[in-house]
Amino acid sequence: MSLESSKKTVRVAAAVIRDGNRLFATQRGWGPHQGGWEFPGGKIEEGETPQQALAREIREELDAEIAVGPLAARVEYEEPGFHLSMDCFFCALQSGQWTLKEHAAARWLTLEQLDEVAWLPADATALPRIKSRLQALISQEKM
């Protein structure tokens with residue numbers, strides 16, 4: 001058995017919250033990746049679907065309700081000490097105002113601005129797929 005295969009897998013869901021051509025990004029306020037930018041979300045708990053976990057995490061972390069839409073990207077990423085499996089879903093704000101309970105900052109970023117922030121490694125891995133899917137969605141909506 002290799003060392004890599006013995007790593008624990010942590011399953012998380014991330015909200016790619018969309019408003020037209022803008023995406024909502026949050027800056028990590030704690031932990032080893034403090035200061036890095038991410039799509040908000042968190043761990044999927046036992047018995048939860050990724051969509052249920054995402055709605056719960058956004059409620060807990062940002063005091064807002066979201067509608068979870070289609071899968072935007074799936075990332076498998078090796079962190080030191082564990083394997084991260086992340087499902088990123090396009091989402092829309094349903095109700096509430098953003099209240100940053102665990103994040104240092106938040107920004108709405110246009111497609112052109114997405115490269116202006118220092119993304120956490122797993123989120124950076126998902127970014128090309130998310131950009132591509134967002135461009136396709138915007139193009140479809142213009143038709």
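Me: Hi! How does the radius of gyration of the protein chain agree with that of a compact globule?
Reply: Hi! For 143 residues, a compact globule would have a radius of gyration near 15 Å, and the protein chain has 15 Å, so the two agree. Keep in mind that this is a predicted model.

Me: Got it. And what does the C-alpha trace span along its principal axes?
Reply: About 50 × 30 × 30 Å for the protein chain.

Me: How many helices and strands are there?
Reply: Two helices and seven strands. If you read along the sequence, the pattern is β-β-β-β-α-β-β-β-α.

Me: What share of the residues is buried?
Reply: Buried residues are 43% of the 143 in the protein chain.

Me: And what about the accessible surface, how much of it belongs to carbon and sulfur atoms?
Reply: The accessible surface is about 7700 Å², and carbon and sulfur atoms hold 50% of it.

Me: What part of the contacts joins residues 24 or more positions apart?
Reply: Take the contacts in the protein chain with a separation of 6 or more: 69% of them are between residues 24 or more positions apart.

Me: New topic, charges! How many positive and negative side chains are there?
Reply: You'll find 16 positive and 21 negative side chains in the protein chain. The centres of those two sets lie 3 Å apart.

Me: Is C88 buried or exposed?
Reply: C88 is buried, because its relative accessible area is 0%. C91 is buried too, with a relative accessible area of 5%. The cut-off for buried is under 20%.

Me: Let's look at R56. Where is it found?
Reply: R56 is in helix α1, which runs over residues 50–62. Its relative accessibility is 13%, so R56 counts as buried.

Me: Which residues does R56 touch?
Reply: Leaving out residues up to four places away in sequence, R56 touches K43, E45 and E48.

Me: What about T110, which strand is it in?
Reply: T110 lies in β7, the strand made of residues 103–110. T110 counts as buried because its relative accessibility is 18%. With residues up to four places away in sequence set aside, T110 touches N21 and R22.

Me: And D63, where is its place?
Reply: D63 sits in the loop between α1 and β5, where β5 covers 65–79. Its relative accessible area is 43%, so D63 is partly exposed.

Me: What is the phi of D63?
Reply: D63 has a positive phi, about 55 degrees, although D63 is not a glycine.

Me: Last one: which helix holds S139?
Reply: S139 is in helix α2, residues 121–142. At 45% relative accessibility, S139 counts as partly exposed.

Me: And how far is S139 from A92, in sequence and in space?
Reply: S139 and A92 are 47 residues apart in sequence, and their C-alpha atoms are 18 Å apart in space.

Technical notes: Residues are numbered from 1 along each chain as its sequence is written. This is a predicted model: local features need pLDDT of at least 70, side-chain atom pairs count only at pLDDT 80 or more; totals for chains, interfaces and linings use all residues. Side-chain values use heavy atoms; hydrogens and water are left out. Helices (H or I, at least four residues) and strands (E, at least two) are DSSP runs, numbered from the N terminus. Buried means under 20% relative accessible area, exposed over 50%, partly exposed in between (1.4 Å probe, protein chains only). Contact means heavy atoms within 4.5 Å. The radius of gyration is taken over C-alpha atoms; the globule rule is 2.2 Å times the number of residues to the power 0.38. Accessible areas come from the Shrake-Rupley method with a 1.4 Å probe; for residues, only the protein chains shown count as cover. Lys and Arg count as positive and Asp and Glu as negative; His and the chain ends are not counted. The place of a charge is taken as NZ of Lys, CZ of Arg, CG of Asp or CD of Glu.
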